[in-house]
Amino acid sequence: MGGSTVKRAFEFGRTYVVRPKGKHQATVVWLHGLGDNGSSWSQLLETLPLPNIKWICPTAPTCPITIFGGFPSTGESCNGVKLMTGTEILLIVMPWEPSEVLMSFESGFDVGELSEDAPDDLEGLDASAAHVANLLSTEPADIKLGVGGFSMGAATALYSATCYALGKYENGNPYPSNLSAVVGLSGWLPCAKTLGNKLGRVEEAARRFASLPILLCHGRGDDVVPFKFGEKSSKALTSNGFQDVTFKAYNGLGHYTIPEEMDEVCSWLTSKLGLEGCSS
């Protein structure tokens, strides 16, 4: 039928849950980066001194990524070339042109190119944000809710923050979760250029985005998602009315995390979520 669009099907992978070791006070959905899965982050999060947090680590659906060339893959291997599980793909040298075929990775949404003018995959972002909200929907009413992530996972977390502020997804469906904290490591803010116009049309948005705490961390040596993307994302949030945004820069840090950064995440979450305190 002319003019009709076909919605993509998004099939998410396995979800890993880290139960709180102490009194359950908060639940945070944590989203991995390109080519990774929920397992590796759940193992790291389990070691953090945050006994009052329940962590939910989903695995993103396999999605064709325009920025890379290659045969469809789950992110574990490609045409006999083993890809590093638990890391993102920095460079893949293949004998074919990226325009000929697409490589599929566990990502949640498509990235055509990392540039300020690149179009956002709104359908994929909506699906990922909705999956996060669905994972949080069964948590008890007295539990504080948060979302965080690394790289593409951070982008989804920040997109979820804007959906919360607007009270709806890009497709117009209502956003159901009441977020209390958002964390983004080595990521960027999707739809940054249009955020102001959207927020200005929603009266309740001002109260929500003024009160939502957001932590952004980025390494100055990041050669996958350049530092400027994290810095500009922070400025875009604050210029559009998000009043509780913390931006932390790390000299020499590339596209990975370090104990110093995770210590900052622990301290920040303990403070913003009003947790009873870190364990030793």
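Visitor: Is Ser-186 buried or exposed?
Guide: Ser-186 counts as buried because its relative accessibility is 0%, where buried means under 20% relative accessible area, exposed over 50% and partly exposed in between, with a 1.4 Å probe and protein chains only. Please keep in mind that this is a predicted model, in which local features need pLDDT of at least 70, side-chain atom pairs count only at pLDDT 80 or more, and totals for chains, interfaces and linings use all residues. Residues are numbered from 1 along each chain as its sequence is written, and side-chain values use heavy atoms, with hydrogens and water left out.

Visitor: Where is Ser-186 found?
Guide: Ser-186 sits in the loop between strand 9 (179-185) and helix 4 (195-200); helices (H or I, at least four residues) and strands (E, at least two) are DSSP runs, numbered from the N terminus. Although Ser-186 is not a glycine, it has a positive phi of about 55 degrees. Most residues other than glycine have a negative phi.

Visitor: And what phi does Cys-191 have?
Guide: Cys-191, also not a glycine, has a positive phi of about 60 degrees, and it lies in the loop between strand 9 and helix 4. Cys-191 is buried, with a relative accessible area of 11%.

Visitor: Switching topic, at what angle do helix 2 and helix 3 cross?
Guide: The axes of helix 2 (residues 122-136) and helix 3 (residues 152-166) cross at roughly 80 degrees and come within 9 Å; axes are lines fitted to C-alpha atoms, for helices over the stretch in contact, and angles run from 0 to 180 degrees between N-to-C directions. The two helices are therefore roughly perpendicular to each other, a label for angles of 65 to 115 degrees.

Visitor: Which residues make that contact?
Guide: From helix 2 they are Leu-122, Leu-125, Asp-126, Ser-128 and Ala-129, and from helix 3 they are Thr-156, Tyr-159 and Ser-160, with contact meaning heavy atoms within 4.5 Å.

Visitor: What about helix 6, which residues are buried there?
Guide: The buried residues of helix 6 are Phe-227, Phe-229, Gly-230, Ser-233, Ser-234, Ala-236 and Leu-237. Just after helix 6, Gly-241 takes a positive phi of about 110 degrees.

Visitor: Finally, how many helices and strands does the protein have?
Guide: The protein has seven helices and 11 strands, and 53% of its 280 residues count as buried.

Note on methods:
Angles under 35 degrees count as roughly parallel, over 145 as roughly antiparallel, 65 to 115 as roughly perpendicular and the rest as oblique.
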